[in-house]
Structure formats: C-alpha cells, structure tokens
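Colleague: I'm new to this one and could use a guided tour. Could you show me how to read its features, one by one?

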Amino acid sequence: MAFNDLYDAVLNGEAQKATAATKQALEAGAAPMQLISDAMVPAMAEVGRLYESGEYFVPELLLAGRAMKSAMELLRPLLAASGDRPNTRVVIGTVKGDLHDIGKNLVASMLEGGGFEVIDLGADVAPERFVAAVAERQPQVVCLSSLLTVTMPCMKTTIEALTAAGLRNQVKVLIGGAPVTSQYAKEIGADGYTDNASGAVGLVRSVVSAA
Amino acid sequence: MPIGTDLLLHEEPEPEVARNHGPALGRVIERAARRWGTPLAIPLMDLRLEKIDLLTLAGIPEHEADRFHFDTPIAPSALAALCRRDAPIFRAGSLARNEALTWIDTRTNLIPVGMTIGPFSLMTRLLADPIGAVAQAGSGMTSEDSVQLAQQCLQMAEAAVLRSIRSQVEHGARAMMICEPAACTAFLSPRQIRAGSPVFEQFVMEPNLRLKRFLDHAGCDLIFHNCGELIDSMVEDFAQRLHPVILSLGSSRRLWEDARLVPDDVVLYGNLPTKSFYSDGAMPVEEVMRRTEELIANMRACGHPHIVGSECDVLFVPGAADAIRAKVEAMMQVAAPA
C-alpha cells in the first residue's frame, strides 16, 4: 500500500505525502532500493510521459522532482550504509559564468528519478571543477547546462578541458539549455543534446547503453 | 528592435563604456533605428537593471545582484521601504538608459521607447526557486512560507518596475516595452490554470494591469513582449485585457493563427527565431529568408497589422556577431519591400 502511496505522491508532486509514505514503507520492512525501483522510478517515468504528452508542464515536473527528493533524503543514508547504489553515475552543472540553475535542477531531479546517481556541482562551475569531478568520481556521463548565449561557449571550453586532461574518452558529455541546439552539440563535440528535462533520462540511457 | 541596438553597441570600440553613458547609448540607439529604418528608438533589452536598482535599496552591492535571492519572508517595515514610490537610487545602467531617452527625445525625430522587465519576471529573479513557489501558489498552498515570500517579492517587483517606468516616462519615453518572458508555461502551469487556479491572474495580470493604467494615465503606449511558451488564453489576456499597441511574441507562436485572438488595433510584432541566429547550422541565412517570406505572406493573408522583427533580443554571443548580423540583414532585406 505504501508503495502505491509513494508512487501517487511523487506523481502528484506532494512532498509531505511522499515522505510519509516512504517512512511507512521503511517501517514495514521495504528495502530502500526497492522503493526507488518499484515506486519512484515508475512514478517519475509516468511524470515524464505526461510531460511529453502535454498533460504536465514544467511546474508539475518540478513538484514531482521535489516530492521524489524528499523521499530520497530518507533513503540516501540507508543506501550509503548498505553499499547499494545505482549503476550509472552522472555529474551535472551549469557552466562557468552562468548562475541559472532551474533547468539544471530539473534535469538533475529527472535523472535521479530515472534511477541514476547524480552528483550536482551547482551553477557557475569552472571547467577545472568538472575535470576534477570526473577524475575523482568516475561518472559515465557529464551534463552541462547553460541558459545564456554569452556563457554557451564555456560548454566547448569544458569539453576541451576534459580532453586536455585525458578524460574525454571516459565520459559521454551531454548538453542542454535554452539557447542550445543539437547542431551546437555537434559543433562543439558533445555526445548528445536534449531540449527538455524529461528527455534527459532517455538520452542518458541511450548513450550509456551504446558505450 | 533590441537586437539591432545590441549589435551596434558591440560595434563600439568600448561597448561597456557606451552601455553606461547616456549620450553614447542614445547615439547607438539612434543609429540602430536609422540603419534598419524604424521610427522607434528601442533601447537595449537589459532586463537586469530593475533588479540591480531594487537590491541597491536593500543594501546589496551591484556585483552580487545576479547571485542574490531572498530566502526568508521579509519584515513589513523592510518591505515597505523597498516598495517606496520615491526611492531615489538608480545605478549606472538605469541612469544611462534614462539619459539616452532624453537624448533621443530632444535630438532626434524618433519615438523614444522605454524598456523594463515585467513584475512577474522580476519576481522570478528574486527567488531561488520561483517555479516551485508559483506552483505551490497555483495548487492553493498559500500559507507556505515560499508562497508568502513570492507574494512579497512580487509586491517589491511591481514597485521597482513602476519606479523604473515612471522615471523613463519623465525622461521622455513615449512608449514602454514591458518584457514578461517568465509569464509562460515554464513558470505557470496550464494544468493549474485550466483547473481554475487564479495564479496567472494574481501573479501576472493584476500587476501588469495596474502598470497599464499608469501608462494610460501618463499618455505612454504599452509595447508588451513575451517570448516564452504560451497557451492561447495567455495570448488573449495579454492582447485583449492589457491591450498594448504592439504585442511581441516568441517564435513558438504562429502569429497568423494568433491574429484571431488579438484585437485589430493591436499590432503583432515578431517573430523570427533570433535566439538561434548565432548558429549557421541550426539557422542558416537561407532558412531565415524562407521563414521571413512565409511570415510576411501569412500575415498578409490574414490581414492583421504586423511588423516583421525578432522574437527577442539576442544577447551577444562571443564569436557569433557576424553570423547574427548577417541574418538580421537578411531578415530586413526580405521585409524591406513588403
């Protein structure tokens, strides 16, 4: 029952209900990873489907992401203690000079809801910080966000920094943000682009499975 | 068009000096209007200025303005101080914009156009999580701290925009471009609006209607700009209730279809996809010309008054100025005989 409640709470973007349902399920003996895979991931997948079909909009995505996050806060320490972790790790950040993080946060939420481990470096992230995070955390995917046309070239700089550090072949680099296009992704040597947060989940899956 | 002023500003030997110097900025604005043959002297679309001015009142230095967000509810006395009608402080960018308006008004035969961010869009820049707060308001969670903070920020934002508008009118603006790019489906859920939530009315329409009343009283025309993703009811409200002289929309809209939502005395402006002009791959010159021809033909067919233009300003893209300029020239070349 708590699984259904958690699924509904995430789908409807109700953070308090998501927390309560998670507590209830844990008290009843549910495994943290099972709550993620059987309730939260399917709920976020349905959120993504509703967004793609035009029934949900960005605010609904955000509320669902928040609900999922509130449940994850209870689960994360338990997962760390058990050593249980998702198979795919993603490093994400908004590039240097750009303070906008709404889109990046949405993508991070959707990816976490997609069952990936997400390391969020925040906004205004210098290329060397991306390089350090890749070297240290060994992700399979790096996601770069930029809202501003003036900061967009820093995506290219970041990819060049990964190449210079000898790390480019270890990771897939995905880019997104309002001014970014698939053509721009090709021009700067990124591995993929998506124009919305929901699409990021499928994109990460496809580049990881193709690797 | 703001894109023209921005392009010419970056032809200046020292663009940042010209940006903050009224007469120099006035000359750039005039040159842009002359080059592209418009009687409207449209300034830069610098939507940071009202936030900088507001935060200066709150004691936040200009260099921290971009990063700063209000994160706790504001005490009533502090809120009243930040909403003061006669707050005198304006920073360099706003002062230059005002002086440029006076320069245009007194030295040219062009129509001086003012520019401001809209109150809702300014509010979103005062909060770290504006979408969440507005979504909570839209779902009726009005007692949440985040919703109350959003309402306070909206109140401050409206006051700051009104101060900016009043000041620009006093310096000669005869039309005012209010830019509300955030009043769109990324920040306001159509699902909530269709379910009867008053969030769009309370957060977007009410403040903008009050500003429109001020402009009407001052004899200043409204040019309303929104390049965000919109649903039809939003376009209707902007066109019919705000009733601007010009309604400028983003490239996600088909203007010839929107014409049915817009009164005949509201000129539609736009809406070539200038946000992607920087990329020759995504938007080659030939595609710009094709889209311009298509837009002109469709607008002629529907018979609604229309000015060909950009969907939005395009802020400077390092290394792409020539690509952007070539497409602006191509767009204007196609439009010229029309």
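Modeller: Let's start with one pair: A:Leu174 has A:Gly192 in E5(A) as its bridge partner. This is a predicted model, where local features need pLDDT of at least 70, side-chain atom pairs count only at pLDDT 80 or more, and totals for chains, interfaces and linings use all residues. Residues are numbered from 1 along each chain as its sequence is written, while chains are lettered from A and ligands numbered from 1 in the order in which they are written.

Colleague: In which sense do strand E4 and E5 of chain A pair?

Modeller: Strands of a sheet pair through backbone hydrogen bonds, either parallel or antiparallel. Here E4(A) (residues 172–176) and E5(A) run in the parallel sense, over two bridges. Two strands count as paired if DSSP finds at least two bridges between them. Helices (H or I, at least four residues) and strands (E, at least two) are DSSP runs, numbered from the N terminus.

Colleague: What is the strand order of the open sheet in chain A?

Modeller: The five strands go E2-E1-E3-E4-E5, with parallel pairing. At the edges sit E2 (117–120) and E5 (192–193), each pairing on one side only. Helix H6 (127–137) lies across E1 (89–94), E2 and E3 (141–145) of chain A, at about 170° to E1(A). Contact means C-beta atoms, placed from the backbone, within 7 Å. Axes are lines fitted to C-alpha atoms, for helices over the stretch in contact, and angles run from 0 to 180 degrees between N-to-C directions.

Colleague: And where does H4(A) bend?

Modeller: At A:Glu73, by about 40°, with a proline, A:Pro77, following within four residues. The bend is the angle between axes fitted to the seven residues ending at a residue and the seven starting there. Just past H4(A), A:Gly83 takes a positive phi of about 75°.

Colleague: How should I read phi and peptide bonds?

Modeller: Most residues other than glycine have a negative phi, and most peptide bonds are trans. A:Asp124 is not a glycine, yet has a positive phi of about 55°; this residue lies in the loop between E2 and H6 of chain A. In chain B, the bond from B:Gly270 to B:Asn271 is cis, with omega near -15°, and B:Asn271 is found in strand E6.

Colleague: What is the strand order of the open sheet in chain B?

Modeller: Seven strands, E1-E2-E3-E4-E5-E6-E7, with parallel pairing. The edge strands are E1 (40–41) and E7 (306–310) of chain B. Two bridges join E1(B) to E2(B) (residues 111–117), and B:Ala41 has B:Pro112 as its bridge partner there. Helix H14 (285–302) of chain B lies across E6 (267–272) and E7, at about 160° to E7(B).

Colleague: How many residues of chain B are in contact with chain A?

Modeller: 24, and they meet 21 residues of chain A. H8(B) gives the largest share of that side of chain B, five residues.

How values were computed: Contact = placed C-beta atoms within 7 Å.
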